[in-house]
Amino acid sequence: MNVVAEQPWLWAGLGAYLVATLIAMWGVSPRSENSPLVRNKTHEKLVLGFIVLGVLLLSAAIIARWVRIGHGPWISLFELLMSQMWSLGLIFALLYWRLPGLRPSAVIVLPVMWILGSWVLTLEPDISHFPATYYNVWKWAHVGVGKVFLALLLAGVGLGGVMILRTTERGRVWFRAMPSDATIDKLAWRLMMLALVFDSLMLIAGAVWAQDAWGRYWQWDSLETSAFLTWIFLAIGLHVRLTYKVKPWVSGAIIIGVFIMAFSTYFGTPYLSPSAHKGVI
Amino acid sequence: MLRRLASLKFTLVGMILLAGGAMLSYGNPVDVSVWVLVVPLALLALNLFAAIVTNPRINRQPGLLVFHVCLLATVLLAGVGRLTHLDGHIELAENQAFNKDELLDVQKGPWHRGNLDKVHFIQGRYTVDYAPGLKRGLTHSQVFVPRPDGTLEERDVGDDRPLILQRYRFYTTFNKGFAPILTWIPAQGAPITGRINMPSYPLFEYKQDNRWTPPGTGEVIKFWLQLKTGLNLDEAWVLDGRNASATLVVTAGDKRVEMQPGEEVQLGPGRLRFESLTTWMGYRVFYDPTLQWLFWVSIAGVLGLTHFFWTKLNLAPWVDEADTAARGSKA
């Protein structure tokens, strides 16, 4: 097996995320509640520290690949997954640091990130071709706000998952230290509101880029349709919550539904369809 | 009546219908009517208008009001854009001036009132970079635009850098290639000079052929262009007409002739001269006068939404710390 420059950094970064995941799981377990590390919340600092370490190691992986192949992580699934692992980790670390109320939800968020982590390990780090249309500066805006959008959704998934799991006895034990469902629901939908802002910006920046790159701002290609469906599902979720009194677990299910749509938009559609977004035209 | 139209339940129905329409439009299939999108969008626009007028949750909160007004304006502008747009293609050879009558596959809205007559430019040379494996890189297409003083301004366009004249946007495409310039000298009458565009290169590198029937004759002449461009699949390569040469194989009836530029051949009722080899570039032509309005209106909408969330989210703490502490102590 031929190991390329970015792989050791990638593996180390994923290793750091793995340690953070295990500590977070240990922290919510009832068996550990008498541990001094848990009582004085030192384990939360450890979780945050390992996530930050993972982000730093993934930064090194991205830089190493950038130097090796001459362009950023924009094209292949390997690059996109690596870069999403980085941005999701970075933004979740910020939320974890600033919003203590959501910290136990790391036991849901980090395993979801592990779907990406496991996936990237199965892919070859082949050199990708950088298409001419990707020199456009709007790509940075489109991808940047898109990363924030997905990270906010992921944090919402953590809270949504807590509301669903709390319908079970085990879930109520695991998340005993978290605020009430009403407070979690409020926090989750605040994150969803912010996600709507960043999703809207992503669509606008993407439309400007598409106009420059392909001569049309919107054409209902597979990826555009999928991205629009994510936006409308999020808007539907916000309006359902305004219109009806929604139970917390339903609220959580709506958030997870929107995330699944966004996830398939990011990591499914561009690689299943001959969409222009693959940039190989 | 307006209050009923402004119902949030009606909003949800409209959104679900729009999501359904978008799913049907997935991948832009040709057999799905545009009405699957137009009807829900029209319903939502009506609902949105009614809500803006009657719903105090919207019209008394500046940020939310701006967002919803901009959302409505975006839908309306997109509609106006479709009614006034123009889409088309054109293939221009080196030194050829743009002529609106040569546009191909033109689709335009019923309200299209552009100044295509005022669009003037001349096509120059172009180059296209290819990475190994024939992966297309940057396109540099040289065009000359007349200045008011009669001189020509050289511009480099390509890929995401369109030529924009009179709000018409000309985008280079993958569709480009070579064309022999030919003169047909009939036994009687004036000679005709023109070009035969060969299929896109290098996409149809293996199929550089075309046919033409000289006017006044029933004889079909077949052309096959044997190109030497330096194309090598395993190495980086630049498509550049200046580095290309060609042999033109002409077949008419039983006669088959290989020609070099400058050579002539007698073909039945006339003579054919292969003048030279040139290149052509295919452009996508796009016109939509609402583009900049759409951009600024959508940005204003997002700013309105941001303002609303900013004020709303700052009114109460993100996490009720007392609640957190209480639950923590219970545990």
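1. Buried area, as used here, is the accessible area, taken with a 1.4 Å probe, that two parts lose on being put together, summed over both. On that basis chain B and chain A bury about 4,700 Å² between them, and carbon and sulfur atoms account for 70% of this area. Please keep in mind that the model is predicted.

2. The contact between the chains draws on 50 residues of chain B and 56 residues of chain A. Sorted by class, the side of chain B that touches chain A is made up of 29 nonpolar, 8 polar and 13 charged residues.

3. How many salt bridges are counted between chain B and chain A? The count is 1 salt bridge, and it is the pair Arg169(B) and Asp212(A), whose closest N and O atoms lie 3.5 Å apart. With the requirement that both residues reach pLDDT 80 or more, the rule also finds 4 residue pairs in polar contact across the interface of chain B and chain A.

4. Several elements of chain B contribute to the side that touches chain A, each with at least two residues: helices H2 (8-24), H5, H6 (291-315) and H7 (321-330), together with strands S4 (135-146), S7 (168-186) and S15 (270-287). The largest share of that side of chain B, 11 residues, comes from H6(B).

5. Chain A has 11 helices and 0 strands, and its C-alpha trace spans about 60 × 50 × 25 Å along the principal axes. The radius of gyration of chain A is 19 Å, which agrees with the value near 19 Å that a compact globule of 281 residues would have.

6. Chain B, by contrast, has 7 helices and 15 strands. Its radius of gyration is 29 Å, whereas a compact globule of 331 residues would have one near 20 Å; along its principal axes the C-alpha trace of chain B spans about 95 × 50 × 50 Å.

7. The domain assignment divides chain B into domain 1, which takes in residues 2-85 and 291-330, domain 2 with residues 86-175, and domain 3 with residues 181-275. The centres of domain 1 of chain B and domain 2 of chain B, taken over C-alpha atoms, are separated by 37 Å, and the contact between these two domains takes 5 residues from domain 1 and 9 residues from domain 2.

8. Which three residues supply more than any other three of the area that domain 1 of chain B buries against domain 2 of chain B? Between these domains about 610 Å² is buried, 58% of it given by carbon and sulfur atoms, and Leu83(B), Thr84(B) and His85(B) supply 79% of the area on the side of domain 1.

9. Across this interface of domain 1 and domain 2 of chain B the rule finds 0 salt bridges, but it does find 3 residue pairs in polar contact, with both residues at pLDDT 80 or more. Helix H5 (residues 62-84) of chain B gives the largest share of the side of domain 1 that touches domain 2, namely 3 residues. By class, that side of domain 1 has 2 nonpolar, 2 polar and 1 charged residues.

Technical notes. Residues are numbered from 1 along each chain as its sequence is written. Chains are lettered from A and ligands numbered from 1 in the order in which they are written. This is a predicted model: local features need pLDDT of at least 70, side-chain atom pairs count only at pLDDT 80 or more; totals for chains, interfaces and linings use all residues. Side-chain values use heavy atoms; hydrogens and water are left out. Domain bounds come from an automatic or database domain assignment. Contact means heavy atoms within 4.5 Å. A salt bridge is a side-chain nitrogen of Lys or Arg within 4 Å of a carboxyl oxygen of Asp or Glu. A polar contact is a pair of N or O atoms within 3.5 Å; within protein, one must be able to donate a hydrogen and the other to accept it, and residues adjacent in sequence count only if both atoms are side-chain atoms. Helices (H or I, at least four residues) and strands (E, at least two) are DSSP runs, numbered from the N terminus. Ala, Val, Leu, Ile, Met, Phe, Trp, Tyr, Cys and Pro count as nonpolar, Asp, Glu, Lys and Arg as charged, and the others, Gly among them, as polar. The radius of gyration is taken over C-alpha atoms; the globule rule is 2.2 Å times the number of residues to the power 0.38.
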